[in-house]
Amino acid sequence: MFTVGAVGVVIRRNPVVVFMCIELMLNAVNLTFLTFARYQLVNPTGTDIAAQRSAMAGQMMVIFVMAVAAAEVAVGLGIIMTIFRARHEVDVDDLNLLRG
Amino acid sequence: MITPEFVLFGILAAVGVAASVGVVAFNSAIRSALCLVLNFFVLAVLYFTLNAQFLGITQVVVYTGAIMVLFLFVIMLLNIGAEHFLNEKFDYKRIVGLAAGVLLFLMVGSQLLPALQSFNHVSALGDYGTPQAIGHTLFTEYVIPFECISVLLLVGVVGSILLAKRKM
Amino acid sequence: MTDNFQLVWAIIGLPLLGFVLLTLAGSAIEKAIGRRGLSIIAVLPILLSLAISCLLTQKLAGLAVADRIHVVQGAPWLSVMGLNVPFEWSIDPLSMTMCLIITGVGSLIFIYSTGYMNEEREYARFFTYMNLFAAAMLVLVLGNNLPLLFVGWEGVGLCSYLLIGFWYTDLENAKAANKAFIVNRIGDWGLTLGIFTTMVLILGSYQPVADGRILSFDTMQAAIRISSMSHPAWTTAAALLLFIGAAGKSAQFPLYVWLPDAMAGPTPVSALIHAATMVTSGVVLLNRMHYVFEVSQVASAIVCGIGAFTALFAAVVAFGQTDIKKVLAYSTVSQLGYMFIGCGAGAYWAGMFHVVTHAFFKALLFMGAGAVIHAMSHNQDLRNYGNLRKYMPITTATMVIAWLAICAIGIPGVGGFAGFYSKEAILGAALANVDTTVNGLNVAVAAGWIGIVVAALTAAYMTRLMWLTFFGGEERWKQIAGEPEAHESHEMVIVTPTEEVSDPNGFFLATAPHVEEIHEHALSSDHVPKEVPASMWAPLAVLALLSLGGGYVLANHDLLQNWLAPVSQAQYLSGGGEPEGLPLGWISVGAAVLGIAVGILYYRKGLPKSEGFDDSKWSHLRLLARRQFGFDHGLNEAAIDGGGLLANGLWHGVEVHVVDGLVNGIAGIAAILGKDLSQVTKGYVRAYALVMLLGGVAILGIMFLAGAR
């Protein structure tokens with residue numbers, strides 16, 4: 001999923017779609033976090049405190065990522081909307097004002 | 001060993017990957033968005049299988065309920081049509097991007113998959129994924145990041161309002 | 001007693017002081033005490049130097065022969081890494097002889113110039129330069145090491161430039177001065193390389209010198225004698241390079257071209273610098289470094305050969321000249337050739353002998369010519385003269401003595417004029433020489449026979465000059481209708497303008513040949529020449545006496561030869577003597593008498609048609625001679641055009657292609673690189689994303705690879 005998202009960011013020109021691919025990547029990361037967190041607790045010879053804590057840490061991480069993603073989407077879409085009020089075209093390639 | 005859990009996971013994973021490819025591949029933005037929604041649902045179910053119940057629900061509510069709705073609103077508002085893929089001249093970046101992506105997948109996968117093979121046991125846990133556990137950890141150990149996140153959300157809100165304020 | 005030798009500092013210091021004084025305050029002094037006072041201040045230093053030179057010479061003569069090389073040490077100059085070159089003066093027979101000549105003949109010329117240059121506005125500047133010249137020349141002869149000699153060498157070159165171009169407002173004079181300096185420079189190049197080669201020779205002998213003064217003349221000889229045995233090739237190279245230097249200064253072929261053009265300067269300058277002193281620096285150098293030349297037969301042969309050729313060439317060219325000073329210039333070149341014949345034959349003392357006698361009679365000839373020019377309103381063309389003995393008896397008498405001296409007239413066994421003895425010494429040494437043999441040809445002997453032929457030619461052209469000027473009965477200037485035109489651009493026919501040519505600002509117009517405060521009439525047909533004032537003929541008289549008896553005195557009992565022996569005696573070449581069975585004296589006198597007879601016969605009726613103002617009547621050979629057989633012109637073309645071609649070629653090939661190509665190429669590469677690299681910052685978002693992706697992949701890849709090892 002991460003790979004697909006990354007490729008999508010590079011390939012697609014529609015900024016909204018690019019954004020969605022970014023979300024895709026973030027979710028892939030979330031999944032990874034949770035998976036590893038969960039499987040810290042697999043070991044049946046007794047879950048020690050460290051494993052417990054790292055498991056919880058994984059979940060925390062996911063929560064934060066979600067929150068960040070939400071905020072980012074809000075702001076990002078706001079930006080996109082602002083840009084597209086100015087010009088009615090939608091093309092990432094045209095957004096080269098940061099050229100140096 | 002083929003267990004029911006494995007089969008379930010396989011189906012879910014396949015659907016999820018297909019959905020993500022669909023996000024990238026569809027010309028139309030709306031179709032991409034809908035694929036993404038599907039992807040998020042699949043992910044939520046996956047979270048449930050990982051005993052992270054709270055996070056699964058949160059995924060549905062936050063991601064699909066709020067974020068994707070936002071996306072769809074924006075797409076509809078801006079009337080973003082289909083991209084003209086074919087207009088692009090043969091862009092080397094696509095090829096390179098694809099190649100890089102494949103490479104990335106191979107590299108990361110080669111490290112992860114062997115590790116994941118050994119995860120076969122699913123044992124019952126305590127209150128691992130419950131809201132109580134999460135809440136407990138969140139407000140004790142991770143309270144500072146929590147505050148930071150709230151500030152971040154505040155900034156996000158303010159920013160959105162600012163951005164949306166002109167004209168409209 | 002040896003303390004008195006410290007007075008040598010005064011010999012050099014007095015003219016130098018005079019130079020400084022005149023530079024700083026020349027015109028102020030002139031305004032304060034008038035021209036008379038300025039003259040006294042200008043001439044006094046060299047007179048005092050003369051007195052001191054006489055004193056020191058007498059002192060030196062009082063010492064035993066073996067002690068006659070005395071070095072006066074001074075302040076250190078170059079002292080680095082074991083090489084010590086201090087300011088030091090050598091008081092020895094050679095330097096004292098030259099000092100006497102420089103200061104003696106010099107003071108006579110200075111006195112003469114007070115009369116000759118009396119009408120010049122730039123009087124003070126003239127004596128400034130003359131004093132500087134005296135100082136530089138004295139440094140050259142007195143210096144005890146090669147660098148000091150070189151300092152003097154360059155100094156006299158500079159003064160030559162300044163004095164030739166004294167009337168610099170005329171472009172021709174400036175060009176002549178440039179030519180002198182530049183041709184001299186070529187000689188200096190040779191001299192510099194020669195000094196370096198000599199240093200290599202000295203170092204190669206591994207002779208330790210106590211205080212590191214390896215380039216000093218008193219310590220050099222032993223070292224060079226040793227190393228020249230084992231390094232003959234280097235010795236020849238050093239000798240030839242030194243000879244190039246000498247040839248530049250002493251106007252040998254092909255570096256003689258500056259001397260005739262140098263006649264653009266005032267006549268006293270020609271007398272002092274280009275007759276008596278500067279041009280003899282080459283001979284002095286050869287005397288100082290004679291041990292380098294002795295060992296190398298090839299070098300000595302070349303010196304002899306070029307000397308002979310120069311003598312012959314200049315003598316032939318002199319027949320085609322119509323400017324009195326040019327005739328004398330070529331005569332100087334020819335006589336210098338004689339001196340080099342002597343040096344090449346190993347009789348270095350004979351070369352010096354001729355230097356001394358030549359100083360006497362050539363300075364006399366030039367000053368006499370100056371007197372004539374002065375009397376004829378600065379007209380220098382021989383074709384306008386004639387029968388001047390009626391008007392200028394003293395000048396005529398002194399000039400006759402000089403003429404006989406240069407023709408080397410004498411009766412062998414009895415006595416003769418100055419030139420007789422010195423020329424005989426040179427020719428005798430040349431004809432008796434057995435060592436200078438190259439490829440079976442004994443160059444010195446051949447040079448000797450050429451010398452005899454040239455003696456006849458010398459007598460002929462000098463007779464031509466004398467008859468056309470002083471004798472002949474017809475006073476040709478009376479036939480001038482209007483102003484005589486200049487027939488050749490390089491012939492210095494100076495026409496005095498009839499109107500004032502100075503503008504109120506004190507600048508002189510470039511068309512004025514020279515500036516006079518009192519404008520004179522042009523040489524017109526009713527001009528009456530007058531004898532020159534005493535300040536001008538008195539030195540002439542003194543020099544005439546010297547030309548008369550000087551040779552006899554110096555040759556008596558081999559006085560000069562023995563006197564110069566500590567410095568100039570050649571060890572390996574047969575230095576002097578007469579060839580057996582050959583009545584050399586009679587032969588040379590006979591040749592001279594023959595030349596005189598031919599001259600008188602040809603010119604007794606005055607100016608023949610074939611040499612008049614009408615060029616079409618000139619004989620073809622004479623026309624060629626007038627143009628030096630095209631040599632000067634050819635040299636100019638080669639140097640200027642060749643130099644231009646070289647410069648252009650180098651510019652195009654190297655500068656444009658290589659250097660500019662390199663620079664522009666680097667700039668181009670930078671530009672291309674910049675353009676390509678600037679793609680990164682284009683603002684193209686997807687490119688950024690791609691790069692990020694690629695970067696991540698790369699880093700992971702590296703980590704995996706590193707971890708996998």
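In this predicted model, Phe243(C) counts as buried, because its relative accessibility is 4% and the cut-off for burial is under 20%. Its ring partner is Phe340(C). The two form an aromatic pair with 5.5 Å from centre to centre and 75° between the planes. The geometry is edge-to-face, since the planes are over 60 degrees apart. Phe340(C) is also buried, at a relative accessible area of 0%. Phe243(C) belongs to helix 7 (residues 232-249) of chain C, and Phe340(C) to helix 13 (residues 324-344) of chain C. The pair therefore ties together parts that lie 97 residues apart in sequence.

A second pair in chain C joins Phe253(C) and Phe313(C). The ring centres are 5.3 Å apart and the planes meet at 70°, so this pair is edge-to-face. Phe253(C) sits in the loop between helix 7 and helix 8 (258-261) of chain C. Phe313(C) is found in helix 12 (residues 297-318) of chain C. Parts 60 residues apart in sequence are thus tied together by the pair. The accessibility of the two residues was computed as well. Phe253(C) is partly exposed, at 21% relative accessibility. Phe313(C) has a relative accessible area of 13% and is buried.

Chain C also holds an aromatic cluster. Its members are Phe110(C), Tyr123(C), Phe126(C), Phe127(C), Phe166(C) and Trp167(C). Over all chains, the count of aromatic pairs comes to 23.

In chain B, Ile134(B) was examined. This residue lies in helix 5 (residues 131-140) of chain B. Ile134(B) is buried, with a relative accessible area of 1%. Residues up to four places away in sequence are left out of its contacts. Ile134(B) then touches Met56(A), Gln59(A), Met60(A) and Ile63(A) in chain A. In chain B, Ile134(B) touches Phe54(B), Leu55(B) and Gly129(B). Phe54(B) is 80 residues away from Ile134(B) in sequence. In space, the C-alpha atoms of Ile134(B) and Phe54(B) are 8.0 Å apart.

Confidence was also computed for chain B. The average pLDDT of chain B is 78, and 78% of the residues score at least 70. Within chain B, confidence is highest in helix 2 (residues 29-49), at a mean of 88. Confidence is lowest in helix 4 (residues 92-117) of chain B, where the mean is 72. Where pLDDT is low, predicted coordinates should not be read in detail.

Terms used: Residues numbered from 1 in each chain as written. Chains lettered and ligands numbered in written order. Predicted model: local features only at pLDDT ≥ 70, side-chain atom pairs only at ≥ 80, totals over all residues. Heavy atoms only, no water. Phe/Tyr/Trp six-rings, centres within 6.5 Å; stacked < 30°, edge-to-face > 60°. Helix = DSSP H or I, 4+ residues; strand = E, 2+ residues; numbered from the N terminus. Buried < 20%, exposed > 50% of the residue type's maximum accessible area, 1.4 Å probe, protein only. Contact = heavy atoms within 4.5 Å. pLDDT = per-residue confidence, 0-100.
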